[in-house]
Each structure stands twice: as structure tokens, then as C-alpha cells.
Amino acid sequence: MRDEVSNFIKIYLERPIKNNEFGMKFPHMFAFYFILKKINPEFVIESGVYKGQGTWLIEKTLPNAKILSLDIKLHLREYISNKAEYSSLDFKFHDFTQINPDKTLVFFDDHQNCLERLKECKWFEIKHVIFEDNYPTDQGDCYSLNKIISGS
């Protein structure tokens, strides 16, 4: 992991969005980077683009991966990838029946009910799922894994 931190720092210094307020910063970006490197999916679905820093990180980490970036507010992007496919349709409205679920990773940073998102992923047999937001019971704007586990 130490080697990966050193590698990540070099990438992080090149990030296109220096002020990513309300988006991922160093700790979450490193965790995402590390998981991407370890799983090495061929297809990454990013739900919640915001300014585009996550899309950029996926490109830098997995240059050969196919990327689908979803957001209802695509006009907020500051970084726009030439490689990613963009859609303003919600995750649940896409047809993922033709993907290889074992080589797919979904990254949710869309502030939606994570229980519903897990059900949607299970329907398509997608096993690699990351939730960027995991609010405690008394915080946040969506139903998170922490809230499920605590029974709230």
C-alpha cells in the first residue's frame, strides 16, 4: 500500500480540479484509486460526476477501461473526458444485461438510497460496488450503509 501511496501522490498532483469542494479529496480519491488498481475492472460505471474529478481518476488509473459516467447535472462538469460515455439517465434506467458483471465496477457518488442501488446491482449481478458516501444515522442526505447496519 505504501508503494501505491507514492504512485498516487504523483497522479494526484496532476489533477485537473485543484479545488474540489463538495467532491472527492485526497483520502477518498486514494481509496478509490487503490480499489480500482486491485480489482482492475474492464468497465467502470460512475454514478455521480459532479465536476469530473472521479472520471479523470478512473482514466488515469485504468487507461484501457470503458467508462460510463452518469449524472443528472452534467452541466456542472469542469473536466470532460474524451474517453468516457456520458448519460444524464439514472443508473436504474440503463440496460446492463450485456456487460460482464465480474469485470464491472460501479462507483456511486450520487447521494441516492444505497439499499435500492444494491438491489439494482444485484439484478445485473454486479458484485464490485463502491459507495463514496456512507453517512452516520443522524447525518447526510441519503440512506447509507451505516444507516442500514445501525437499523435506522
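## A friendly tour of salt bridges, helices and surface spots

Lys 103 has a relative accessible area of 37%, so it counts as partly exposed (buried means under 20%, exposed over 50%, and partly exposed in between, with a 1.4 Å probe and protein chains only). This is a predicted model, in which local features need pLDDT of at least 70 and side-chain atom pairs count only at pLDDT 80 or more, while totals for chains, interfaces and linings use all residues. Residues are numbered from 1 along each chain as its sequence is written, and side-chain values use heavy atoms, leaving out hydrogens and water.

**Salt bridges**

- The count comes to 9 salt bridges (a side-chain nitrogen of Lys or Arg within 4 Å of a carboxyl oxygen of Asp or Glu).
- Lys 103 pairs with Glu 42 in one of them, with the closest N and O atoms 3.4 Å apart.
- This pair links distant parts of the chain, 61 residues apart: Lys 103 is in the loop between β3 (85-87) and β4 (104-108), and Glu 42 is in the loop between α2 and β1 (43-47). Helices (H or I, at least four residues) and strands (E, at least two) are DSSP runs, numbered from the N terminus.
- Glu 42 is partly exposed because its relative accessible area is 46%.

**Pairs within helix α4**

- Glu 116 and Lys 119 form a salt bridge at 3.2 Å, N to O, and they sit 3 residues apart in helix α4, about one turn of the helix.
- Arg 117 and Glu 120 form another at 3.0 Å, N to O, and both are buried.
- Salt bridges with shared partners join Asp 90, Asp 110, Arg 117 and Glu 120 into one network.

- The axes of helix α1 (residues 2-12) and helix α2 (residues 26-39) come within 10 Å and cross at roughly 115°. Axes are lines fitted to C-alpha atoms, for helices over the stretch in contact, and angles run from 0 to 180 degrees between N-to-C directions.
- The residues making the contact (heavy atoms within 4.5 Å) include Phe 8 and Tyr 12 of α1 and Phe 30 and Tyr 33 of α2.

**Loop residues with positive phi**

- Phe 22 is not a glycine, yet has a positive phi of about 75°; you will find Phe 22 in the loop between α1 and α2.
- Because its relative accessibility is 73%, Phe 22 counts as exposed.
- Glu 125, also not a glycine, has a positive phi near 65° and lies in the loop between α4 and β5 (128-131).
- With 51% relative accessibility, Glu 125 counts as exposed.
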